[in-house]
Each structure stands twice: as C-alpha cells, then as structure tokens.
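Here are some quick notes from a pass through this one, with the cavities and the surface in mind. Have a look at the model first, then read on.

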Amino acid sequence: MLLTLLLAVFFVFTAQAQKVGLVLSGGGAKGLAHVGVLRQLEKNHIPIDYIVGTSMGAVIGGMYSAGYSPDEIEQIVVSPEFQRWTSGKPLESKTFNFLTAEPSPSALRLGIAIDSTLKARISTNLVNDLNLNLALARLLAPASASSNYNFDNLFVPFRCMASEVFTRQVVEQSKGSLSDAIRNSMSFPLAFRPIRNLDGKYYYDGAVYDNFPTNTMKKTFAPDIIIGVNVGDVAMKKYPKNDDDLLGSTVAFLGTSVADTSSVGHNGIYIQPDLDGLGVGDFDRVKDFIAEGDTAALRSMDKIKARIGRRVDSTSLQKRRLAFQGLAPTPRFIEVRVNGLRPDQNAYAARFFQKKGREYSLDDIEEGYYRLASDDYFKNIYPRIRYDAARKGYIFSVDAQRNNNVSTEVGFVLSNRPIDNLFFGVEFRYLRSLLYTASADVSLGRFYNGAHGSFRINVPARLPFYFEPEITYNQWDYQNTGGVLGRDVINTQVRQQDTKVGGQFGISPNYRSRLLLDAGAFVNKDEYTNSKQINSADVLDATLFSGVTAALRLARNTLNRKQYATSGHRYVYTLRAVTGSSTYTPGSTAEQPGRSEHREWLQFRATVERYFSMKKDRQAWGYFGELMASNQPTFTNYRSSQTTAPVFAPLPDSRTLFLDTYRSARYAAAGVRYTQPFLKKLEWRTELYVHVNAEPLTQGDQQVAVRHSGLDRPRVTASTGLIFQTPVGPLALHARFYDDPSERFSVYGHLGFLLFRSRSLE
C-alpha cells in the first residue's frame, strides 16, 4: 500500500517536472503544416516548453514563441496579405505612383549597379521581400521588446537556426531581434536574398545544414521528451516529369539537409505529415497544409499522451499568453533612422518619413517605408523596429543599400498585322542630397516610332514632389498597316507625327495616386488624303499645328497588370488647355486653299475602370467608362478635324486603326469586361462597349467639316479571345468587332505588350 502510494507520488512529480521540446523543420510552404500540429497539441493540453525551428519552422515556431496562438497564426497565414508576402507581389494598397510614368511595352527590366570604379553588378531576380520584411518586423517587435531581446525570455524559449555558408557552420540564434533571426532562417538560396545583419554578416536558410535541429534542442534545452515535426523530404519520392519541376525540386532537395528520423530519441515522437502532392511553393494551399498537420498530430496523439503525462490547462495557458502580451511596450515610434548609405544619401531617404505630430504613427512609418521603396534604387531596404527602454519608445531603422543606379528595359510586340514593334529604354540615377534620374527610350516599328528623354529631380518632403523636363517624339504611319492600296484608302493614307518639349510637376498625395501638372510646347504634323481614290503621283494634304498646352491630371491606379488587368481599379481625370496656330498645305486631292488659322480649346477627359473577383477568384468582372467633353473647333477640312480629334480606344489594337466613328471631341462610352481563367496562366476574356458621339462631324461641300446637333447613333465594340501570360508579356488571340464602315469583323493576335506612348495633346 505504501509502495503504491510512493510510486503514484513519484509519477505525479515526474510528470509535473517533465519538459517537452518541439522541433519544427523547414520545407517552404510545407511548413504551414506546423500550424495544424500546434493547434492539436494545445487542444489536447500537451505542454510546449521549448521550440527550435528552421526556415518555415522558424516562422511558425517564432510566432508561437512570440505569444501568438495557433488560431491567430492561422488567421495570419490564410490572409491575402500573407500570399503577397511569400510571392513578392506588390500590395495594391501600399504602392505609390510617385515615380510611375505611363505604362511602357517593356517586358524585361534589368538593374545594374555601377560604382565609382565603373565596376558593374547585375541585380538578381529573387522574390521581392519588401512586404515580408516589414510584416515580420511589425508582428515580432512587441515580443522582442518584452523579452529584452533574449529568446529565453519569450513566451516559449526559442532557438532559430541559420547557416553561415562561407564557414559552413550551423548558427544557433538565441538573442537579438526575433524578426532578424527568422528572416535569416528563411533566406533560401535562389529564393529570398540574405539580409545584412548588424554585425555585417549574411546568413542563409538554416535548412542548408540542419533542417531538423534536434541536436540543438538536446544541447541547449535538454528536454525530457522531443516532439519532432518534419515536413522536409527524406528522399525524392517521385521523379519530376518536366524540366521546371525537375529544377525546382532538385534545388529544394539539394539545398536542404536530410532529417534523421531517429534523432528525437527512443522516447521521443516523430511526426511526418503526409504532404504528397503538395509542393514547397504552394503557399496558396494554406488550408490543405494545416489540415494535413492536424491529421498527422491526431494520428500520433495516443503515443504523445502515453509518453507525456503532464497536461496544461487551457485557461492557465491563455492567462500566461495574455500576461506575456501585456508586457509589450506602448507602440510609440520616437525616431526614424536610415543607415547603410553616405550621410547625405541617408538624410535623403529619411526625409520620406514624415510625422504628423510629435511622434510617428504606424501609418507614418508604413507610408515612408513604401514611399522610399517606390523607386527600385532603394529596392534592397530592410526595416528594423527596436525598443529603447531609456526613451520609452520604438526606433524604426532602415538598412538601405544602393541597388540599381542603371536600369535597362527591353520589350517587343509580334502580331499577325504589320504593327510589330521593338522597345528599348535606359535609366541612370544619381543620389546625393536629392535623387536625379536621366532616362531615354525608343520604339521602332513599321506602324509606330517614338522616342522620349527626360531628367527628373525627386524631392522628398511631407508631400513628396518631382520636376521633370522632357522631350517626346511620336510617329504614326497608318499607310504601312492599312492593307492593300485602294482598300479603305482614305483611312489608311494617314501619317501623324508630333514633338513636344516641356515638363511635368508631380506630387503623390497618397498611395497609388498622383497629381500632375504637365505643360509644354508642341508641333503636330498630320498628312492625309481627301479622296477614296489615289495613285502613286498624288501628294497628301498636310496640317501643321503648333502651340502650347497645359494639363492638370489626377490619376489613381491599382491594376494588377498594365494590360488585360483582372483586379484593381484605375481613375484618370484630365483637364487640358490648348492654344496654337494651324497651317494647312493642300495636296493633290484638296478642294480648299492653303491657310493659317488660330485654334484654342479646353478639354476634359475622365476614364474609370474597375474589376471585381467572383467565385473565389475563378472569375473577374469589370466595368469601363470614359467621358470626353471639349469645345475643340473644326480645322480647315473634315480630314484634318478628324486627325486632330481625341480617340476612343477601348481595345489594345484600337490605336493601330484610324476609324472615323471612334474620333470625336465629344463622346461618352461604357463597357463591361469578363475574364474566366483556365489552368494557371490561360484566360478567356470578353469585352463589350457602347459609345455615343455628340455633335458628330460629317464631310460637307468642298471637304469642310460640318457639325451636327444632337447625338450620333450608339456604336458597339466587342472582343472575345484567349490570353496566355508569358514571361515576355501576354500572348493573345482575339476575334473582335468595330462599328465603323472601314473596319468590322477581324481576328488579331499579338505577343508582348501592345502599348504606345500618348500623343502630345492626349
């Protein structure tokens, strides 16, 4: 009887003293299964006294050690923001148009850093970690401060593994910034770039040398029981079938150490979730991973309960979690620092952070961070949030590195119509107390040729602004794209060119918005015929219109693509004034004598488009609207009035056609767009528009333009076809309809971005 009582007391004492260590391996998106394991351990009152994690295991384990519950971690990883953290896609709500110009047809952008010795370094195309870095800093800063930057003082004592690849050593991170440690642990080669640590060193993913760090758990914490969760592949179960899968799987497999499944010890519990069919990059399948973690933990739960006698009451666990969270200092940001560049360059970057009161709010910090990142000159910036106990406030610091002072762009369009085009662009940036950018680009083709050069001065302030002198040249030649001579000749024998010298003054009042004042002198020359019959000896009429123009434009753009968008919105409102002198030179088909006339007008254009996801992003609907209102007068004849009139261009190839019924100084248009995705990158897209011209023009006696009162009949435009998103731009094949006598039904296809620079008065 006494012996039985003593054994029972001994068992209770042993169970109460029993310490449990949890080891979480890396494995990319597969590491999301750890969330399900944590949830089941808490649900079944299993204690977790220590955590050691690598890569994604460090992310999930670090958040748990920072005081986040499994349910809270799940809410974070299933959020749309998490998908953008892992994919590197820009957050629509946190991207600035401060430095954004007109969308160009470039498909490839290459950044080059050239130093003072003229040595060049090409930037690598890794996952953009801009959103991820700030998210980790925000999520983990309170816990780091509460623990006094000692991982033993976290809600659960924690170790985070990294690799020093140059000395081939495993690095056990036990103190400092928790977000830095986790970010080091997930710097997988060829995926996320390594960050520069405060000691000047660079660390890589802990999975390179120790993806299942049970030895660190034994050496550092010496728990009685180890629960090891491995989501990494022990062996290649299935040989990849294609080159892309082979490359991705091989890099992940070779770059990760193989787990020793017996290293949890004879009384430990080894858990291997069944993740067959789920890949290291399938971050969009978060719930599937969590479910598999749930299932794997439940399969091992009887063994876990048999070997771990101690239990943790849910109420006391939650009280302890809330008590730890309550230790976090008040989120007061008292200072912003920028490090890593020259003193004058650091000062320039710091001016992007503007406080609205005596202290910086979190919104102030975020706004400055994303404003700074809007130029890829500062692409490699890394944020840190550290608490200053003496000053009782947080210091936000940015480690900035000069990324690209030279950028080159290349693009092209191939089409079944003769509108092929090549695009080349280059930018050079020079940063001292201000950032100076010189840029030039050129487009070459049969239909369109253009060139643009500018010099921009960027000034950070409470309301950042820039000034940009520029020169633009455009040439449009419908003669080379109009088909056989004699077919719709009056609409194909048109050549247009314009030159504009001026400047822009722009500010970005908030995210994705830009207010722009554009002014300059222009010279437009339009050549055309007035007859449907023409021979090789005929001379085209010419209208030379020169003068000055100024426009005030408010634009907001959150579209996910510069062509064939499926999400986001775009609003552009432009008020333009034009004044100048028109000189008409008659050709061989003219019925009017040459003359010079003064012309001036005001013009307002409003364009809106917006997209809505349907059925969990399996469909997208969008609407489009445009209004043009102007008191633009007629010119010498009908054709010159048409060549100068604003253009309604609803479809990508609309700019390549000269259609009379789509040119008017006064019109209103509305349309709908529908996109149905197939597979991952193939889409079926249908568009339908109706537009109405007000006070339409017709050709009267002696070729003069006659303006009619009222409205023209509604005109319909439609298109349907397939779009495949390639690395060099969209590959599209469409059947479309224009409501114009010279163009009805047709099929067109193109590869690349079918984009052209606006004319001088657009």
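This is a predicted model: local features need pLDDT of at least 70, side-chain atom pairs count only at pLDDT 80 or more; totals for chains, interfaces and linings use all residues.

1. The largest cavity holds about 240 Å³ of space. There are 23 residues in its lining, and those closest to the centre are Thr643, Thr644, Ala645, Arg759 and Glu762. If you want to find the spot in your viewer, centre on those.

2. Which elements give two or more residues to that lining? They are strand E19 (513-528), strand E20 (541-557), strand E22 (595-614) and helix H16 (638-644). E22 has the largest share, with 3 residues.

3. Arg759 and Glu762 are among the residues closest to its centre, and arginine and glutamate both count as charged.

4. On to the second largest cavity, which has about 130 Å³ of space. Its lining is made of 15 residues, and Pro105, Phe423, Ser443, Phe756 and Arg757 are the ones closest to the centre.

5. Three strands each supply at least two residues of this second lining: E14 (421-431), E15 (435-445) and E16 (448-459). E16 has the largest share here, at 4 residues. By class, the lining of the second largest cavity comes out as 7 nonpolar, 5 polar and 3 charged.

6. Now the surface. A nonpolar patch of about 840 Å² is formed by Phe467, Phe505, Leu515, Leu517, Leu552, Leu554, Tyr573, Leu575, Phe604 and Leu627. E19, E20 and strand E21 (569-585) are the elements that give two or more residues to the patch. E19 and E20 also turn up in the list for the lining of the largest cavity.

7. Leu575 sits in strand E21; its relative accessible area is 47%, so it counts as partly exposed. Phe604 sits in strand E22, and is partly exposed as well, because its relative accessible area is 30%.

8. How far apart are Phe604 and Asn631 in sequence and in space? They are 27 residues apart along the chain and 9.5 Å apart from C-alpha to C-alpha.

Key. Residues are numbered from 1 along each chain as its sequence is written. Side-chain values use heavy atoms; hydrogens and water are left out. On a 1 Å grid over the protein atoms alone, a cavity is a set of points where a 1.4 Å probe fits but cannot get out, and a pocket is an open set with protein on both sides within 12 Å along at least five of seven lines; lining residues have an atom within 4 Å of a point. Grid points are joined across faces, edges and corners, and a volume is the space filled by probe spheres set on the points. Patches are made of residues with over 30% relative accessible area and no salt bridge: like charges are joined within 9 Å, nonpolar side chains (Val, Leu, Ile, Met, Phe, Trp, Tyr) within 5 Å. Accessible areas come from the Shrake-Rupley method with a 1.4 Å probe; for residues, only the protein chains shown count as cover. A salt bridge is a side-chain nitrogen of Lys or Arg within 4 Å of a carboxyl oxygen of Asp or Glu. Buried means under 20% relative accessible area, exposed over 50%, partly exposed in between (1.4 Å probe, protein chains only).
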